[in-house]
Amino acid sequence: MATVIVIGAGLGGMSAAYELKAELGKQHEVILINNKPDFEFTPSNPWIAVEWRQRKETSIPIEPHVSKKSIRFIASGLQALDAEQKQITLMDGQTLGYDFLVLCTGPELAFDEIPGAGPDAGGSVSVCTLSHAEHCRDSVHALIEAPGSVIVGAMPGASCFGPAYEYAFILDKHLRDKKVKKSVPMTFVTSEPYIGHLGLNGVGDSKGMLESELRQRDIQWICNAKTVGIVDGKMEIDELDDEGNVKKHHSLPYKHAMMLPAFRGIAPLRGIEGLVNPRGFVIVDEHQRNPKYPQIYAAGVCIAIAPQTKTPVPTGVPKTGYMIESMVRALTVNIKAELEGMQPTAKATWNAICLADMGDTGAAFVAMPQIPPRNVAWFKKGKWVHLAKVAFEKYFLHKMQTGDIEPVYERVVLKSLGIDKLE
């Protein structure tokens, strides 16, 4: 019997545990490890921040559901990894050996790289985690009680821009519903070289469409924005030109600021030579396998993907939902092949399907593959996207409860659209 350990129970890790168990069967053990007992549907966090959702609606306990599939669950964080000995140590003191390790740890939020940034420092709020979104909700309450200027956006090195746009539009709708929007000027501050870049060099007409949406809502914006500090209710920003020189300095006062941070790899992995890059992201080959430690696979936000082009302010590459699911499918097929004495051959397509809510409308994009050059790239807008995202939230949480990661009807529909998880 082989032991396969999955670390992290987010979108990638929970899916990986279910898929691995389904493929490997009873003859092999699958252990799922997470630093908290609940699965949280992160895409719903902007709704949490404006009270359109509550915690109980977007999170589920992990153990009761995975245990039904004979997956062992341990609620403890990773303390250390000994890749040479194929052994991990957990925060609760347990030491476990593995035959294969799947890293789906997600990122560490690098708020500390900008003085004053983040919930702990008190200079800005976040929707990166459910707890952060609940803290953000308190700040929104205070904003409605005493309206003032708002800043929303992403700091240098950020790689996840979609939630910043979503939050800006959702907050705008919430403020209009509360009849205080006229007293809340909003500025979108982003490290992207242009609106709609998204860390992907744009998708379809994302630039024109998102600029239009910002204008319709009277939201100003600053691109190539290098946030340098947050202090005493002011955000200090250097706006750079295309050569990376300071074009203009902005000192923006605010009452409420939601800024997405840069990501880095989690502390227990950083510094393991050959496993991670200097930022602590896991290095993988085309089969989702680490070249130095072939018993280690990885998927999701924790993997290293180099930006395709250099930007004046550093921007990372996002790892979106369907893209992560394709990574999980590839590593599952490859681990099964290895256990059967064959070489891994499966490669993820890294196709992207994204639904972004805008409060009373929404935007959807398909990028195949996500990273250019692409075979398909389109960006569409409409009220149907808002409804589709609501439906997808319920659908995905249902899949996490049942363990049926890709029902037959889902596979048939995506196949008919030419969207596959594997090359």
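Which residue just after α6 takes a positive phi, and of about how many degrees?

Analyst: The model is a predicted one, and in it the residue you ask about is Lys179, which takes a positive phi of about 65 degrees just after α6.

Buried here means a relative accessible area under 20%. The buried positions run from Ala164 through Tyr165, Glu166, Tyr167, Ala168, Phe169, Ile170, Leu171, Asp172, Lys173 and His174 to Leu175, and among them are the charged residues Glu166, Asp172 and Lys173. In general, an α-helix has 3.6 residues a turn, so residues three or four places apart point the same way.

To place the helix in the whole, the chain has 10 helices and 22 strands, and 57% of its 423 residues count as buried. A compact globule of 423 residues would have a radius of gyration near 22 Å, and since the chain has 21 Å, the value agrees with that picture. The C-alpha atoms fill a box of roughly 65 × 45 × 40 Å along the principal axes. Of the contacts with a separation of 6 or more, 65% join residues 24 or more positions apart.

Phe100, in strand β9 (residues 100-103), is buried because its relative accessible area is 8%, under the 20% limit. The C-alpha atom of Phe100 lies 4.8 Å from that of Gln295, although the two are 195 residues apart in sequence, and beyond its sequence neighbours Phe100 touches, among others, Thr3, Val4, Ile5, Pro294, Tyr297 and Leu339.

Val313, by contrast, sits in the loop between β19 (296-298) and α8 (321-339), yet Val313 is also buried, with a relative accessible area of 1%. Leaving aside residues within four places in sequence, Val313 is in contact with Pro156, Ser191, Asn224, Ala225, Lys226 and Leu240, while its C-alpha atom is separated by 9.1 Å from that of Glu239, which is 74 residues away along the chain.

Technical notes:
Residues numbered from 1 in each chain as written. Predicted model: local features only at pLDDT ≥ 70, side-chain atom pairs only at ≥ 80, totals over all residues. Heavy atoms only, no water. Helix = DSSP H or I, 4+ residues; strand = E, 2+ residues; numbered from the N terminus. Rg over C-alpha atoms; globule rule 2.2 N^0.38 Å. Buried < 20%, exposed > 50% of the residue type's maximum accessible area, 1.4 Å probe, protein only. Contact = heavy atoms within 4.5 Å.
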